[in-house]
Amino acid sequence: MLSGRQYKLFAVSANREFLLLIKKYAEKCGFFASVQFAFHGGEALAQFEKIRPDIMIIDMILPVIDGLGVLEQIRDRGVKEKTKIIMISGVSEDFFIRRSFENGADYLLQKPIAYEAFVGRVRDLLEKDEIEERMVSFVDGESYLPIITKVLLSIGLSPDLKGYSYARMAIRLVLEDPSMLKSITGKLYGKIAEAFQTNTKCVERNIRHAIETAWNRGNITYIEELFGYTVDAEKGKPTNAAFIATVADYININLLRID
């Protein structure tokens, strides 16, 4: 559940009817204090740093600079911060989906967009952000989460899947307390289920689905580097526990160690 905070929405599209629809949806769902628009990529970049929105909805096809170009520049400038970005697209090719996530999109919605899909995805992203604000911990002054995020994206886990968020929290918890691996179903899944207001079976099932998606569509070179023989077709994909343990161990040895 959202805390009752009021958020800022920034919508970018050359289609004014679409922007009016988004404004109507935003007003109907009731948790936005302001809704601001841009009509092309250049204007979006100029306004983004001034607005610092909580949610940005951006069309992939834009004049001046397309949606992917806007995301690339926001990423390169390091100004995304806590903004959650929803890319809007009329195409579903894997290349564009992958490039959207690589450049900072948190979710991708296909046109046409129904109100239920809009409010559901926006609520999911804002709730996830509020949860992550409470669960962030620090190592040597830096959060685990950006490190875990980098590894999961490199593997090919899709951020639009619930299992991505569950896996990310699971790895963070194991990095903090390796004994969690001794009680995956009860202790580890239990904490995740509590944070996301769901149940342990849902946590287990969604992490499994995220892993399967990564193995089918992810970066096989990076997967082989981390998991070795577990990518062998005859031996199958790693279990949830093996996946979480391997990624946590890799981060601990290669990315957190200070010699």
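**Close-up 1. Lys80 in the loop between α3 (67–77) and β4 (84–89).** Helices (H or I, at least four residues) and strands (E, at least two) are DSSP runs numbered from the N terminus. The model is predicted: local features need pLDDT of at least 70, side-chain atom pairs count only at pLDDT 80 or more, and totals for chains, interfaces and linings use all residues. Residues are numbered from 1 along each chain as its sequence is written, and side-chain values use heavy atoms, with hydrogens and water left out. The side chains of K80 and D106 are joined by a polar contact of 3.1 Å (a pair of N or O atoms within 3.5 Å; within protein, one must be able to donate a hydrogen and the other to accept it, and residues adjacent in sequence count only if both atoms are side-chain atoms). Leaving aside residues up to four places away in sequence, K80 touches F48, I74, I85, G104 and D106, where contact means heavy atoms within 4.5 Å.

**Close-up 2. The largest nonpolar core, of 41 residues.** Such a core is a set of buried Ala, Val, Leu, Ile, Met, Phe, Trp, Tyr and Cys residues joined through side-chain atoms within 4.5 Å; buried means under 20% relative accessible area, exposed over 50%, partly exposed in between (1.4 Å probe, protein chains only). I155, I171 and F243 touch the most other members. Elements giving two or more residues include α6 (144–155) and α11 (240–255), while α7 gives the largest share, 9 residues.

**Close-up 3. L109 in strand β5 (residues 107–110).** L109 is buried, with a relative accessible area of 9%. Its contacts beyond four places in sequence include I86, I88, F118 and R121.
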